[in-house]
Amino acid sequence: MLGRTGNGLFWMFRYLERAENTARLLDAGLRMALTRDFATADAEWRSVIATTGHKAAFEQHGGEYNGPQVWNFILRNKDNPANILGTFEQVRTNARMARNAISGEVWEAINESWMQLKDMLSAPVQQNNLGYVVSSIRRAGMQVHGAMAGSMLRDEGFHFARAGTFVERADSIARILDIKYYLLLPSLSYVGSTMDAGQWDNILRSVSGDRAYRFLNAGQIDARGIVEFLVLDDRFPRSLAFCHSALRQNLAALARIHGKEGECNVLMRDADTRISGMTIDDIFEKGLHQFLLEFSHSNSAIAAAIAEDYRFIA
Amino acid sequence: MHTADGSVRPAYEGYCDWQNGQDQSYLRRKHNEAESNFRKTGITFNVYGEDAAEERLIPFDMVPRVIGAGEWRKLSRGIEQRVSALNAFLYDLYHRQEIIRSGRIPERLFRNNAAWLHQMVGFKPPGGVYTHIVGIDLVRTGPDEWFVLEDNARTPSGVSYMLENRETMMAMFPELFSKVEVEAVSDYPRRLAQSLAACAPPATKGRPNVAVLTPGIYNSAYFEHSFLADQMGAYLVEGSDLRVVDGRVQMRTTRGYKPVDVIYRRVDDDYLDPLTFNPDSALGIPGIMDVYRAGGVTIANAPGTGVCDDKAVYSFMPEIVEFYTGEKPLLPNVQTWRCSDPDSLGYVLDNLEELVVKEVHGSGGYGMLIGPTASKKEIAEFRKKLTNNPTNYIAQPTLALSTCPIFTKSGLAPRHVDLRPYVLVSPNGVDITPGGLTRVALKKGSLVVNSSQGGGTKDTWVLKD
C-alpha cells in the first residue's frame, strides 16, 4: 500500500470520528438547554463551545451564547476551523484519495452522507430541524463503520483506518473530560463530591454512555464514578481504556502484517505500562488534569510514530 | 434509430420492441434513478475554473445507441488500420522520418508541433509501442458511412463512462439485456492491464507492477483515474509518491520503496519530469525520463505521442495511412481545409458561416467556431484570428451528422452524436473494445458533444451476430 494511501485512510477515519463526536456533543448540549430554565440555558451553550476547544474562534467571530448561534457555528460556520460540514468534507476528500483502498460500500456510505449533509447544511439550521441533522451525522458514522466491518479486506488499510478512529476517539474523550472536569469543579476540594448532576449527565450523553452508565451504577450519577467509567472501564467502546486496547490490537496487527515492529509499537507498550493497573484513586492522586495531559501527549506521539513508521508522508 | 423512410433500422429492432412496451412514466422514473445512481457512486468530473469542490455529472441518456455486428466489423478493420498507421508514423517521426523525406508530408508539421519532443528522437519505447491507448472519434453520416473526426493518441479519456453507462443500463433494465444480445464491454480494464503489462520494460523482474499516474483529486478526470486503477488492481499514484531510486522509478509504500514497471500516466508530457520538461512542475517525477530511456520503466502513452493529436497532422492522415500500410484508408477523414494553405484559407474565410473552425492544438471543444450557430460578432472575431495566424487553424464542413434519439420530458427526440471507440495497442496486436463512448449533444440542433460544453453520454451497443 502507498504511504499516502495509508495516510488517507488514517485521516479519513480521524475526521469521521471528529465529526461524529462533535455531533454527539451538540446533541447533549441541545438536550441540556431544553431541560434548563431559560436563564441558565446560555451557560450550557457556553460550555458546549468550551468543550469543542474553539472558544476563541467563536468569540472572535462575534458569536453570542445562544442556541442557534452556537449550533450553526459548530455545524457549518467557516470561521470555525472544525465545523462539522468542513470536517466531513475532509472525510470525503481523504476517501477520494484512498478510494482504491476502500470498498464501494464504504465509499458510497461516505459520499451519500456527504451529499445529504451538504444539502441539510446549505442554510442555517433551525431548532426544529437540529435533532434530525445531528442524528443524521451520527448515523453517517455508524453507516461507514458498518460498511467497513462488512466489506473491507482485513489488510493494513483496515488497521490504519481503525487506528485513526481510536486515536481520535481517545483524544476527544480526554479533551471532553479535561475541560468538563474543570468547568464543573471550580476548586479541587470538590473532588469526589456530588456535583451538578445535569452537567455530568451531559458528558455521558455526549459519548452515548448514559444508558450503560446508569445500568452499571443503578442510576447514581457522581463525578468519580463517571471519570472511572470513561477512563478505566474497558467494556465501554468510548472509554480511554477501550480505545487504548483497540489501538494496541491494530498496531500489533500492523506489525504482524509488515513483519516488524516500529516506534509506534514501542510507544504503545510504554503507554500500556504507565496505565496498566491504575485505579481511579491513583488517577485522582496524580491529578486528573495531569493524567489526561500525559495521556493526550502519549496518544499524539503514537499517532506521529504511525505516520513515521509507515511512511505516510515523504 | 429510424431510416429515412421511417422504418426501424435493423440494429434497433430488439430495442424498439422493448421500448414500445414500456410506460412513459416508468421510463421517466428510471431516468431519475440513473442520475441519482451516478451521483451516489461519485461518477463525476471536475470543472476547471470553478470552485475546487465543484463536481458535475455528465448527463446520461438512457436510450442506447445500437450498432450492428457487420457494421462494427467494418469499423474495427478501419480503426485497426488507422491505429497501426499512427504507431508506425510515430516511430518514423522519431527515427528516420521516411515520410518526410518522401515528400508525403511537410517537415513543418512536426517542426511547428508543440507536442514534438526532441528527447524522444532515436529512442524506441518498450515493445515499440507509442500509443498504448487510443480513442478515435467517429461520426456517421449515413448507413455504413463513417468518418474519423479526430484521433486521440495522447490521453483519450471517457472510458470509465463507457463502462459505467453499461453498468447503469444493466442495473436499470436487466430485462432488456435478456432480450437483446449485446457484446460486453466490462472486459476493458482486464484487457488494459494485460496490454500494459505486455509492454513492460527490460528491467522488469517477475510480474510487472502497473500504476496509474494521476495529477490528483482536483483533476477533471480523477474519477476515471481512480476507477481504472481500481478495476485493474493497479496502484493509483501521484508524482509525490514516486521517485527515482537505484535507477528505477519507485513508489513510496508503507514498506519502503518498491519499483514500478509500467506507468499509465494521465499527466501531460510537460509535467512528467521537471528535470527534462517544465521545471516548475510538482506533478511529475524528477529523472523519470532518464530511467525511461535506460529501459527502466514504460510510460504509456509514450511522451511525444501528442504529435498525432494535432489537427494539421489529422488532415494528412489519409496519406499517412497509405504510406505505412500500403492500403487505401478504410475510414476516411472528414474533409479538412488547412488554413496554412492560402487557397484553403481564402475558401474558409469566404464560407465561415457554414464551417467548423478548430485550433490545430485545441481539444475539449475549446477555441472553436461553429459557423452555422455562431453570431455575426463571433464570426468577425474568428475572421481576425484566422487572418492573423492561419497556420493555427483547420476548417471542416458541418457534416450531416447522424442523430440518435434521446429521452426528453416530452418523449424521444433526435440529437447529434459521435462515437469514441477505445483501442489498446501492445506488441501482441491491436485490441478494440466493442462499442465505445457515444457522446450526445443535449441541446436541440447543437453539434457540440463535448462534456466540457454540456454534452451527455449514452450506452453504446454492438450487437452479437
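View 1. You'll find B:Val440 in strand S21, residues 437–440 of chain B. Helices (H or I, at least four residues) and strands (E, at least two) are DSSP runs, numbered from the N terminus. Leaving out residues up to four places away in sequence, B:Val440 touches B:Ile406, B:Arg415, B:His416, B:Val417, B:Val449, B:Gly455, B:Gly456, B:Thr457 and B:Lys458; contact here means heavy atoms within 4.5 Å. Look for B:Pro59 too: B:Val440 and B:Pro59 are 381 residues apart in sequence, yet their C-alpha atoms are 9.3 Å apart in space.

**A quick note on the model.** This is a predicted model, where local features need pLDDT of at least 70, side-chain atom pairs count only at pLDDT 80 or more, and totals for chains, interfaces and linings use all residues. Residues are numbered from 1 along each chain as its sequence is written, chains are lettered from A and ligands numbered from 1 in the order in which they are written, and side-chain values use heavy atoms, with hydrogens and water left out.

**View 2. B:Tyr314 in helix H11 of chain B.** Here's another buried residue: B:Tyr314 has a relative accessible area of 2%. Which residues does B:Tyr314 touch, not counting those up to four places away in sequence? The partners are B:Arg82, B:Val148, B:Leu149, B:Glu150, B:Asp151, B:Asn333, B:Val334, B:Thr336 and B:Gln396. B:Val129 makes a handy landmark: B:Tyr314 and B:Val129 are 185 residues apart in sequence and 20 Å apart in space, going from C-alpha to C-alpha.

**View 3. The cis peptide bond between B:Ala300 and B:Asn301.** Omega for this bond is about -10°. B:Asn301 sits in the loop that runs between strand S12 (298–300) and helix H11 (311–315) of chain B.

**View 4. B:Gln97, a non-glycine residue with a positive phi.** Phi of B:Gln97 is about 55°. Where in chain B is B:Gln97 found? Follow the loop between helix H3 (69–93) and helix H4 (98–101). Is B:Gln97 buried or exposed? B:Gln97 counts as buried, with 18% relative accessibility.

**View 5. A:Arg311, a residue of chain A with a positive phi.** Now hop over to the other chain. Phi of A:Arg311 is near 55°, and A:Arg311 is not a glycine. A:Arg311 belongs to the segment after helix H15 (288–309) of chain A. This residue is partly exposed, with a relative accessible area of 28%.

**View 6. The two domains of chain A.** Chain A is split into domain 1 (1–152) and domain 2 (154–314), with bounds that come from an automatic or database domain assignment. In the contact, 31 residues come from domain 1 of chain A and 35 residues from domain 2 of chain A. Taken over C-alpha atoms, the centres of these two domains are 20 Å apart. The secondary structure of chain A is 15 helices and zero strands. Its radius of gyration is 19 Å, close to the 20 Å from the globule rule for 314 residues, so chain A is as compact as a globular protein of that length (the radius is taken over C-alpha atoms, and the rule is 2.2 Å times the number of residues to the power 0.38). Of those 314 residues, 54% count as buried.

**View 7. Chain B, with helices and strands.** Zooming out a bit, chain B has 14 helices and 22 strands. Its radius of gyration is 22 Å, close to the 23 Å that the globule rule gives for 465 residues, so chain B is as compact as a globular protein of that length. The C-alpha trace spans about 65 × 60 × 45 Å along the principal axes of chain B. How many of the 465 residues, in percent, count as buried? For chain B, that's 57%. Among contacts in chain B with a separation of 6 or more, 69% are between residues 24 or more positions apart.

Note on methods:
Buried < 20%, exposed > 50% of the residue type's maximum accessible area, 1.4 Å probe, protein only.
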